[in-house]
Amino acid sequence: MRYAQGGGLTGAGRAARERVRLQAVERFEDGQKNREIAAAVRVSERSVERWRRQWRERGEAGVLSKGSPGRPRLSDAQIARLERELERGLLVHGWADQRWTLARIKTLIGRLFHVSYTVEGTWLLLKRHGWSWQQPARRAIERGDVAVEVWKKETWPRVRASRRSAAPISSSRTRLGN
């Protein structure tokens, strides 16, 4: 079964699928064949084969739902430690500048807890625990305001003006655009 982009089953959907598997287990116990069970519960025979194998190996627990695959992988104690490590700063963790990025936090989580997150997953983890993206409250001391103004007045108009016109063109080498 394919699911919509970005999703698996909701809690209710997982419960419904689990009920179907438990119905199949009842039929296993009655000695029914895989083809009959598949037709009765409206799933593929391969699914029934897989459920029967799990049922033989682990009993009814083998066909129960394993829960949401998207559950948080860091405990509350690990989140608290991550927050302490973030407060210690980047220099302590080997980065030269003072700017935390999601990629750096992802790397730090991997180093500390041996858990792999995607950059997007890192953002969701931080957001779930009350973190937000930040902007500096003031401009950097190193910023050259004169250089910024020169760039705005001289360089930007040249870059902006160099856009091509919307005249029709031809992709043919032998024919000029009309």
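Before reading off any helix, I noted that helices (H or I, at least four residues) and strands (E, at least two) are DSSP runs, numbered from the N terminus. I also noted that the expected span of a helix is 1.5 Å times one less than its number of residues.

I am working with a predicted model, in which local features need pLDDT of at least 70 and side-chain atom pairs count only at pLDDT 80 or more, while totals for chains, interfaces and linings use all residues. Residues are numbered from 1 along each chain as its sequence is written, and side-chain values use heavy atoms, with hydrogens and water left out.

Entry on the whole protein. I counted seven helices and zero strands, which read along the sequence as α-α-α-α-α-α-α. Of its 178 residues, 21% count as buried, where buried means under 20% relative accessible area, exposed over 50%, and partly exposed in between (1.4 Å probe, protein chains only). I looked up the accessible surface and found about 14300 Å², with 50% of it belonging to carbon and sulfur atoms; these areas come from the Shrake-Rupley method with a 1.4 Å probe, and for residues only the protein chains shown count as cover. Taking contact as heavy atoms within 4.5 Å, I found that residues 24 or more positions apart account for 38% of the contacts with a separation of 6 or more.

Entry on α5. This helix covers residues 102-113, and its 12 residues reach 16 Å from the first C-alpha to the last, close to the 16 Å expected at 1.5 Å a residue. Which residues of α5 are buried? I listed Arg-104, Ile-105, Leu-108, Ile-109, Leu-112 and Phe-113. Seen down the axis of α5, these buried residues fall within an arc of 140 degrees, so they line one face of the helix; the arc is that of the directions from the helix axis to the C-beta atoms. I then looked for what covers the buried residues of α5, and found that the cover includes α4 (76-88) and α6 (119-128).

His-114 sits in the loop between α5 and α6 and is exposed, with a relative accessible area of 72%. I also looked up Arg-42, a residue other than glycine with a positive phi near 60 degrees. Arg-42 lies in the loop between α2 (34-41) and α3 (45-58), and its relative accessible area of 76% makes it exposed.
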